[in-house]
Amino acid sequence: MPAILPSVTGAAAVPAVVLASAVLHAVWNGLTHGLRDKLAGFTLISLASAGCGAVLVCLAPLPAPAAWPYIAASAALQVTYQLLLLRAYQLGDFGQMYPTARGTSPVVVAVVSTVLLGHSLAAGQALGIAVIACGLAGLALADGLPGRGQLPALAAAVGTGVMIASYTLVDGSGVRVSGSVFGYIAWLFLCQGLVLPLIAGARRGRALFTALRPLWGRGLAGGLLSLLAYGLVVWAQSRGDLSTIAALRETSIVFGALIGAVVFRERLGHRRIAASATVLVGIAVLQLTAGS
């Protein structure tokens with residue numbers, strides 16, 4: 001899919017591609033959270049990543065030598081992200097953990113990309129990102145501040161958001177020096193997909209294979225959706241502004257809130273609806289000011 005996308009009008013395609021990725025991301029997270037054995041589910045997602053990556057590296061050109069440090073760093077960050085997200089889902093509910101994890105990222109990306117990387121950010125774009133961040137915070141805290149017992153889950157979710165921001169920045173830089181978006185994605189999928197199954201195997205031993213058997217269908221489906229979602233984002237990062245893309249990606253929280261209400265029967269409520277509307281307003285501001 002990413003190899004085909006450059007034929008579409010670049011600037012016009014980027015927002016649509018990122019929003020499609022956001023929908024896919026919310027869906028695969030919902031699939032994974034619904035599994036009782038979440039370690040087995042994440043293992044299957046990683047196996048799908050490694051398998052697809054192994055096929056794709058045979059078809060894609062090798063990335064330029066300058067891209068390999070970025071691929072290695074991103075793979076390490078994404079494995080850490082998976083472990084933290086797994087822990088957050090084991091300790092907390094989907095409706096709070098997912099928006100907390102996703103909502104941390106755009107603010108971190110905006111600050112780091114402007115302060116440390118020197119990327120310019122127009123005042124309108126900054127306003128849009130701030131509005132989106134407020135809406136995401138409203139979604140995360142719609143049920144009130146977490147109690148002391150929820151702090152480990154919240155810490156894991158916030159750590160997940162920091163990892164998302166970190167690999168977003170790494171990939172945004174790495175894909176631009178790779179010389180091959182398709183090759184960068186392929187090797188990234190292969191490298192990061194091999195690690196978590198090894199960790200799970202060391203932790204569970206032979207019992208892991210028994211746990212994987214009844215989950216393989218949903219787990220691999222989640223893995224394929226995850227790969228497609230992130231592949232679309234990496235393509236977009238090769239053509240668009242990192243802060244804008246990071247903010248648009250977080251619209252997955254709106255879709256996640258709907259999944260939580262419809263699939264997991266979590267209460268949506270007026271606060272969640274208002275917070276979702278705030279996110280949409282922020283997106284509108286971001287897009288209207290992107291070209292200014």
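User: What makes W28 and F42 count as buried or exposed in this predicted model?

Analyst: Both W28 and F42 are buried, where buried means under 20% relative accessible area, exposed means over 50%, and partly exposed lies in between, with a 1.4 Å probe and protein chains only. The model is predicted, so local features need pLDDT of at least 70 and side-chain atom pairs count only at pLDDT 80 or more, while totals for chains, interfaces and linings use all residues. Residues are numbered from 1 along each chain as its sequence is written, and side-chain values use heavy atoms, with hydrogens and water left out.

User: Why is L31 called partly exposed?

Analyst: The relative accessibility of L31 is 24%, and therefore L31 counts as partly exposed. L31 is found in helix 1 (residues 10–33); helices are DSSP runs of H or I with at least four residues, numbered from the N terminus. Leaving aside neighbours within four places in sequence, L31 is in contact (heavy atoms within 4.5 Å) with R218, G222 and L225.

User: What makes W28 and F42 an edge-to-face aromatic pair?

Analyst: Rings of Phe, Tyr and Trp (its six-membered ring) pair if their centres lie within 6.5 Å; planes under 30 degrees apart count as stacked, over 60 as edge-to-face and the rest as tilted. The search of the whole structure finds six aromatic pairs. For W28 and F42 the centres are 6.5 Å apart and the planes 75° apart, hence edge-to-face. The pair links distant parts of the chain, with W28 in helix 1 and F42 in helix 2 (residues 38–56), 14 residues apart.

User: What makes Y81 and Y167 an edge-to-face pair, and which parts does the pair tie together?

Analyst: The distance is 5.4 Å centre to centre and the angle between the planes is 75°, giving an edge-to-face pair. Y81 lies in helix 3 (residues 68–91) and Y167 in helix 6 (residues 151–177), so the pair ties together parts 86 residues apart in sequence.

User: Which residues does I132 contact, leaving aside its neighbours within four places in sequence?

Analyst: I132 is in contact with A247, V279, G282, I283 and L286.

Technical notes: Helices (H or I, at least four residues) and strands (E, at least two) are DSSP runs, numbered from the N terminus.
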